[in-house]
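Hi,

Here is the structure I promised to pass on. Have a look at it first, and then read my notes below.

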Amino acid sequence: MRNQKSYMQTMLLLPVFSVLSFVFAHGADTLPRVDKQVINSGGLEVNLAKRQIAMDATVCLDVGILEYLVCRPRTFEHEAFFSTKCKPSLLHYFLLALDLEPASSDAQEDSTEKPRDKTKSRVRIEVEYEKNGKTIRQPINELLVNRERKDGVVSDSWVFAGSHVYREDERNIYAADITGAIIGLGIDGSAVLQFDGKIGIPYRGEDQGVRINTAICPPSGTRVRLIVSPRDLETQTTAKQAP
């Protein structure tokens, strides 16, 4: 019990510098305090004890090719799997509170070439929804099909890319707040989270990019929760289970 309390105190204190730096750099006006184990704000539920963020979202496509996994309403719904009302910069803020670090903030780089060697940038993304009275929770990659591979497998590899910041009218602007790109598939460098790999652009050929796995995809309009957690949690869990 004492160790758990100590861990929670550490989790609340360690990310403080990163969070404060983000607030300063991005010119955020008001952001929720990260001073509780569970925080609900702007369509996001942050559980510091479990080190996970649950994002409310809706299925906007249940068939077709994709360039985005998640976007904001009235942006890329014609080529995104899910839409959410959560603010991208708020998601970024909470990812920092989980002691994650952006892989890159260079807006000039091709998003598929950003460095991916930071352990603290790698995340796991799962989707949770109701089906026939049961709660289904599965890795998000299982709902995707890789058109470049015969077996259709999409690797479960995602990274906290961190979008980027630019100046406009003497203000710092968080790019994803403008574009609406929240989770990208390696095409739009403004996304908060990105697929960690090259899968091609689906509009360039039938053997490029990803499509929705229609065999198990929930129908359009289904409300879901997208759950983001640090990839290093898997290593910690494995270590605890080892003899």
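Which residue takes a positive phi in the hairpin of β1 and β2? It's G42, with a phi near 55°, and the hairpin has 2 residues between its strands.

Before going on, some ground rules. This is a predicted model, where local features need pLDDT of at least 70 and side-chain atom pairs count only at pLDDT 80 or more, while totals for chains, interfaces and linings use all residues. Residues are numbered from 1 along each chain as its sequence is written, and side-chain values use heavy atoms, with hydrogens and water left out. Helices (H or I, at least four residues) and strands (E, at least two) are DSSP runs, numbered from the N terminus.

pLDDT is the predictor's confidence in each residue, from 0 to 100. The chain averages 82, and 77% of the residues score at least 70. Residues 1-17 stay under 50, and the model has 16 contacts for them beyond four places in sequence (contact means heavy atoms within 4.5 Å). Residues 236-243 also stay under 50, with 1 such contact. Where pLDDT is low, the predicted coordinates should not be read in detail.

**Strands**

S41 stands opposite L44 in β2. Buried means under 20% relative accessible area, exposed over 50%, and partly exposed in between, using a 1.4 Å probe and protein chains only. In a regular strand the side chains alternate between the two faces of the sheet.

There is also an open sheet of 3 strands in the order β4-β15-β9, with antiparallel pairing. Its edge strands are β4 (65-66) and β9 (144-146), each pairing on one side only. Between β4 and β15 (residues 210-212) there are 2 bridges, and L66 has V210 as its bridge partner.

The largest nonpolar core has 48 residues, and F81, F82 and W158 touch the most other members. Helix α3 (residues 88-97) gives the largest share of this core, 6 residues. Apart from it lies another core of 7 residues, including C60, C71, A181 and A191. A nonpolar core here is a set of buried Ala, Val, Leu, Ile, Met, Phe, Trp, Tyr and Cys residues joined through side-chain atoms within 4.5 Å.

Not counting residues up to four places away in sequence, F82 touches residues including C60, C71, V127 and I140.

How many disulfides are there in the whole structure? The search finds 0, a disulfide being a pair of cysteine sulfur atoms within 2.5 Å. For C60, the nearest cysteine sulfur is that of C71, 5.2 Å away. C86 is buried, at a relative accessible area of 1%.

**Two loop residues**

T222 sits in the loop between β15 and β16 (223-230) and is buried, at 15% relative accessible area. A polar atom of its side chain lies 2.6 Å from the backbone oxygen of P219. Beyond its neighbours within four places in sequence, T222 is in contact with A57, T58, V59 and Y129.

L31, in the loop between α2 (16-26) and β1, is partly exposed, at 26%. Its C-alpha is 8.4 Å from that of Y93, 62 residues apart along the chain.

Cheers

Key: Pairing = 2+ DSSP bridges. Polar contact = N/O pair within 3.5 Å; in protein donor to acceptor, adjacent residues only side chain to side chain.
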